[in-house]
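I opened my notebook to jot down what I could look up in this one. Here is what went in, entry by entry.

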Amino acid sequence: MSTSSTVERAFAAALYADSDTALDSGASALAADPACDAELARRGEEFVAAAWRRGWQPADVVRIVRRDLDDVHVRLLISLILKDGEGEQVSRGARWTAQLDELAAEPHGLRADRFSRASATLELYRLLLRLPSIEPLDAPTAPAAAAGAPRETRMLTRIRALLAKAEATGFPEEAEALSAKAQELMARHSIDEALLAARTHAKDAPGACRIGVEPPYETAKAVLLDAVAGANRCRAVWNDALCFSTVVGFEPDLEAVELLYTSLLVQATVAMAKAEAAQRAGGRKRTKTFRQSFLAAYAHRIGDRLASVAEEQVTVTEGDLLPVLAARDVAVADHLDRMFPETVTTRMRGVTDEAGWHEGAAAADRAQVRGRRPLP
């Protein structure tokens, strides 16, 4: 029997059925035929390439596999993705390259007996085979000033370092100063890029990125991300089934959304744990409804604060900024409509705990979303 026949027989048994018996049958066939290993790997590369054609990116697929399967499957997937990336002749954009670099730093490959490895491979392929088509992400077009690239890299590195320190410190005053400085740099960077593109007539255009919105309390997290996106002149569309939001905007603003959302989510999670501990210390048992209400209120209040801060930032900038931003808003809206011609509004449910709501709103008021003078 040829190696291709062995693989086809294993696929026919395992990929189109969910039973353990079917999986064991396919894995047994593969484990008994070492000569089929190369063909099995080649078919895996085809599954990965098919995912790219259906609109997926490396980080998207890894996130889904990590959610639905186990670490062994993630390690196998990363090996396939990196193997696929070795043969790339055309760049897929900076975000794609950054995702590959991050995956290369993770553990990949798998040492296991032949049957266990074959079982994990078939489970992974079964998931890849069933991935639906999603909206493709075109790489955003950015001003092509070569001299500007290092400056942007240093700026983003500095912002990430500031936010990381703000999240790690145990001193609220220090976190406030660090977060304020990071927000100041993000706002200035976005405005500078918009004005530079307008004055040099650069042909930049909006792009899009996907940000994971993981359970639990994913609805509240999606609302928080939407608030951050709106304040940074971006638009977000949430895919509940696949646990991510697609954010549309210009590249500097997309970077700001990713960084600020991640930081605020860390702040909210820490504040929620402290609030819940205080509630329990007072003899009041809190449940899922407390946490859901807390995060919902946090997202709602942060949205109001971010909108107010964004308006103030525009007001204090030179007058020629307004038409520039208006044109970019139109471009973002048009890009969103092309990507998502049909969207629906979802309602947040489970917000029934009054104490959770008040605690979440108070935590949002304490969160750092605007620049201030560093505390002495």
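Predicted model: local features only at pLDDT ≥ 70, side-chain atom pairs only at ≥ 80, totals over all residues.

I got 4% relative accessibility for Cys209, so I wrote it down as buried, the cut-off being under 20%. Next I asked which cysteine sulfur is nearest to that of Cys209. The answer is Cys234, at 7.6 Å. A disulfide needs the two sulfurs within 2.5 Å, so Cys209 is in none. I then searched the whole structure and found zero disulfides. I also looked up Cys36, and it is buried, at 0% relative accessibility.

**Met272.** This residue is in helix 11. Is Met272 buried or exposed? It has a relative accessible area of 9%, so I put it down as buried. Setting aside neighbours within four places in sequence, I listed its contacts as Phe290, Arg291, Phe294 and Leu295. I also checked Tyr298, which is 26 residues from Met272 along the chain; their C-alpha atoms are 9.5 Å apart.

**Arg328.** I found this one in helix 13, which covers residues 321-339. Its relative accessible area is 11%, so Arg328 counts as buried too. Beyond four places in sequence, Arg328 is in contact with Ala194, Ala197, Asp204 and Phe250.

Key. Residues numbered from 1 in each chain as written. Heavy atoms only, no water. Buried < 20%, exposed > 50% of the residue type's maximum accessible area, 1.4 Å probe, protein only. Helix = DSSP H or I, 4+ residues; strand = E, 2+ residues; numbered from the N terminus. Contact = heavy atoms within 4.5 Å.
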